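Let's take a walk through this protein together. Have a look at the model first, and then we'll go through it piece by piece.

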Amino acid sequence: MSDADALRINPSILAADFVNMQAELGRIRSADFVHVDVMDNHFVPNLTFGPQMVERIQATSPIPLDVHLMISDVDRWGPGYAELGAASVTFHLEAATDPVALARRLRSIGSRAGVAVKPATPVEGLFDVLDEFDQILVMTVEPGFGGQTFMADQMPKLRRLADEARRRGSSVWLQVDGGISESTIAQAAEAGADTFVAGSAVFGADDPDAAIATLRDRALRAHRH
């Protein structure tokens, strides 16, 4: 596997033009996944997509879906998104009653299983169960809205997680979401992230594919150093 293959850029459609979603998806063909934020106006104070919209995105997207569930009662509702065919489903640790059981259920359906943590949530409780997850998402903003400022104070947490994954020989992907741009992606890559969610940095660019290439290059350079 090349260095480039070990990094993933997942544009968030939270920053896309919702009215022209199919066209917007066509503008990010060089991305690894499309990041789909599902919010219920309960777990977070915002409302976005539900199963019907995700199903339509799944049917029309040229790249796999990386679904991020910012919803309550995720033990009940989470598996339904895997059943829609999403390549990856990430739920919040804070919303799950039994994170390991839910991750195993998602995997049994055929999705990669991810777990996310808010900025105030420690990651040490995940150390002993790293192998139960395919991806761990360290939020670099408070979940709920796009366009927020990158929280550099989350980098020590990410670095602890990366060090522990390396120590255990884990192949878990380490994702960051929030404020990722040309000016911040290197910090996250240096701290151990290999999967990056970027919203306005991609969809706000005149050429989203060129923006993806720039982000990928900056992350690669940071990893090599």
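## Ground rules

Two strands count as paired if DSSP finds at least two bridges between them. Strands (E, at least two residues) and helices (H or I, at least four residues) are DSSP runs, numbered from the N terminus.

What you're looking at is a predicted model, where local features need pLDDT of at least 70 and side-chain atom pairs count only at pLDDT 80 or more, while totals for chains, interfaces and linings use all residues. Residues are numbered from 1 along each chain as its sequence is written, and side-chain values use heavy atoms, with hydrogens and water left out.

## The sheet

In what order do the strands of the open sheet line up? There are 8 of them, arranged β1-β8-β7-β6-β5-β4-β3-β2, and the pairing is parallel. β1 (8-11) and β2 (34-39) sit at the edges with a single partner strand each, so one side of each has no neighbour in the sheet. From one strand to the next, the twist averages 25 degrees.

For a closer look, take β6 (residues 135-139) and β7 (residues 173-177): they run parallel and are joined by 5 bridges.

## Inside the core

Buried means under 20% relative accessible area, exposed means over 50%, and partly exposed is in between (1.4 Å probe, protein chains only). A nonpolar core is a set of buried Ala, Val, Leu, Ile, Met, Phe, Trp, Tyr and Cys residues joined through side-chain atoms within 4.5 Å. The largest one here has 68 residues, and I13, I28, V36, V67, F91 and F196 touch the most other members.

Leaving out residues up to four places away in sequence, F196 touches several others, including L7, N10, V176, I185 and A219. N10 itself lies in strand β1, and at 1% relative accessibility N10 counts as buried. Beyond its neighbours within four places, N10 is in contact with residues including D32, F33, Q175 and F196.

Which residues of helix α3 (residues 74-83) are buried? They are V74, G78, P79, Y81 and A82. Seen down the axis of α3, these fall within an arc of 155 degrees (using directions from the helix axis to the C-beta atoms), so they line one face of the helix. The face turned away from that buried side carries the exposed R76 and E83.

The buried residues of α3 pack against β2, α2 (51-60), β3 (65-70), β4 (88-92) and α4 (99-109). Just after α3, G85 takes a positive phi of about 105 degrees.

## Aromatic pairs

Rings of Phe, Tyr and Trp (its six-membered ring) pair if their centres lie within 6.5 Å; planes under 30 degrees apart are stacked, over 60 edge-to-face, and the rest tilted. The structure holds 3 such pairs. In one of them, the rings of F18 and F49 have centres 5.2 Å apart and planes at 55 degrees, so the pair is tilted. F18 is partly exposed at 39%, whereas F49 is buried at 7%.

F33 and W173 form an edge-to-face pair, 5.9 Å centre to centre with 70 degrees between the planes. F33 lies in the loop between α1 and β2 and W173 in strand β7, so the pair ties together parts 140 residues apart in sequence. Both F33 and W173 are buried.

Notes. Contact means heavy atoms within 4.5 Å. Axes are lines fitted to C-alpha atoms, for helices over the stretch in contact, and angles run from 0 to 180 degrees between N-to-C directions.
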